[in-house]
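Thank you all for coming; I would like to take a few minutes to walk through one structure. Please have a look at it first, and then we will go through some of its parts together.

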Amino acid sequence: MKLWGGRFRKETDSLVNDFNASIHFDARLYQEDIQGSMAHARMLSDCGIISPEDNRQIQEGLAAILADVEAGRVEFTADNEDIHMNVEALLTQRIGAAGKRLHTARSRNDQVAVDLRLHLRREIGEITGQILDLQQAILEQARAHTNTVMPGYTHLQRAQPISFAQHLLAYGEQLRRDVTRLADCKKRMNVCPLGSGALAGTTYPIDRFETARLLGFDGPCSNSLDGVSDRDYALELLSGLSILMMHLSRFAEEVILWCSWEFKFVELDDAYSTGSSIMPQKKNPDVAELVRGKTGRVYGDLMGLLTTMKGLPLAYNKDMQEDKEPVFDAVDTVKMCLPVFAGMIATMRVLPENMRRAAGGGFINATDCADYLTRKGMAFRDAYTTVGNLVYYCTQQGKLLEELTLEELKNISPLFGEDVYEALRLETCMGQRRSHGGPAPEETERQIRELEAFITEQRADRHGA
């Protein structure tokens, strides 16, 4: 008989039983379910609701079940629907009457809510560690390329000279915000719904603050109805993971461009590339392409859960059983993408000569030419127009700005002098951009130190948590 079967007189239809069961995906919550049950039992004992002997048997029984599950000696069954009823049924089989007392003053509604919070709290920690590893890979590549000139782009058109270090560090900053975004999510997630019961709390004299403390929460949920009926913490996590994947996807797109023959700014390591079944010359950036593709999958997980939740009245509804699969899928997908992406970045070979050659075309020193004239006394808007005329002249003559003779330059403006050639050197253009956050080597060195300090601080916090 089902643990909830007292009111029923017919067995559940086999199709309904399979349709209703969630054990095939929520089995992964076994550790958190047992952890929550152990804390609940201890609290019940401390409050005098169950005896110390019952608590001892429950603690030992649950510890044995946990060991057996991790050793592969337990097979969960759909007859018990979910992880909560599977664990409780096993416990009752093993220790008898004491096991039947475990569910006093709680419901599966608050049980699943605490399990999911505990699980996602742990997953956030693991994902954060993986992001830090990717940032470390970015950091090492940036250190090696503070003086590597490349074209910066807007509209995918060559725009201004930057360094490869600065380009990489832009992604380091985006990932930095991803880390803090997940930390914010974890902070809001870290309240305990256990003790909310089905929706209205309980008549037993429980101590929800003790349960929260035992499970490492900051405190209990303030409203029992809210404690069991919202999944905004899961949605917030999915949103954060979607933004993270968007950043990875943009980075992946650039890697795909960079390793094409049209750019050839980098070459991916053989271990992070694949070949073609028909074209022997091909070396495909499949890792980057798959990360780009899996981004849509994570977006879909977010939209799926948003849609599930959008019309639900308070409190718990069975629809909310659909929360776990999209969350688990998004977490699994992100955890699969991050390590392989970090390995790809760490092992890729940068080709500075090709970057410098590309930076030499496209008149990306035009703004610097206008700044040169401004420093000589011309108003910037007039300087902008003057350099625009110069660029037009260059396109007609098939020359670059720095290839014009001084006479040609003076025909456009008498303010040009011999010092213009040094001002138009790409290394000068990049090196003089010393404003905070710019590509000058001393500025990228500062950015590297900041990112390094952030990684060190975050790792220390994780190990101390």
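Leaving aside its neighbours within four places in sequence, which residues is Arg356 in contact with? They are Val149, Leu426 and Glu427, where contact means heavy atoms within 4.5 Å.

Before I go on, a word on the source: this is a predicted model, in which local features need pLDDT of at least 70 and side-chain atom pairs count only at pLDDT 80 or more, while totals for chains, interfaces and linings use all residues. Residues are numbered from 1 along each chain as its sequence is written, and side-chain values use heavy atoms, with hydrogens and water left out.

Back to Arg356, which has its place in helix H14, residues 352-359; helices here are DSSP runs of H or I with at least four residues, strands are runs of E with at least two, and both are numbered from the N terminus. Arg356 is partly exposed, at a relative accessible area of 31%, given that buried means under 20%, exposed over 50%, and partly exposed in between, with a 1.4 Å probe and protein chains only. The C-alpha atoms of Arg356 and Asn80 are separated by 65 Å, and these two residues are 276 residues apart along the chain.

Let me turn to Val387, in helix H16, residues 380-397. Its relative accessibility is 4%, so Val387 counts as buried, and, again leaving aside neighbours within four places in sequence, Val387 is in contact with Ala366, Cys369, Ala370 and Leu373.

Next comes helix H4, residues 52-70, whose 19 residues reach 27 Å from the first C-alpha to the last, close to the 27 Å expected at 1.5 Å a residue; that expected span is 1.5 Å times one less than the number of residues. Among the buried residues of H4 are Ile58, Leu62, Ile65 and Val69, and what covers the buried residues of H4 includes helix H3 (30-46), helix H5 (83-95) and helix H6 (97-100). Just after H4, Gly72 takes a positive phi of about 80°.

What about disulfides, meaning pairs of cysteine sulfur atoms within 2.5 Å? A search of the whole structure finds 0 of them. Take Cys47, which is partly exposed at 25% relative accessibility: the closest cysteine sulfur, in Cys192, is 13 Å from its own sulfur, and that is too far for a bond. Cys337, in turn, is buried, with a relative accessible area of 2%, and the closest cysteine sulfur, in Cys259, is 17 Å from the sulfur of Cys337, so that this is also too far for a bond.

Conventions
A disulfide is a pair of cysteine sulfur atoms within 2.5 Å.
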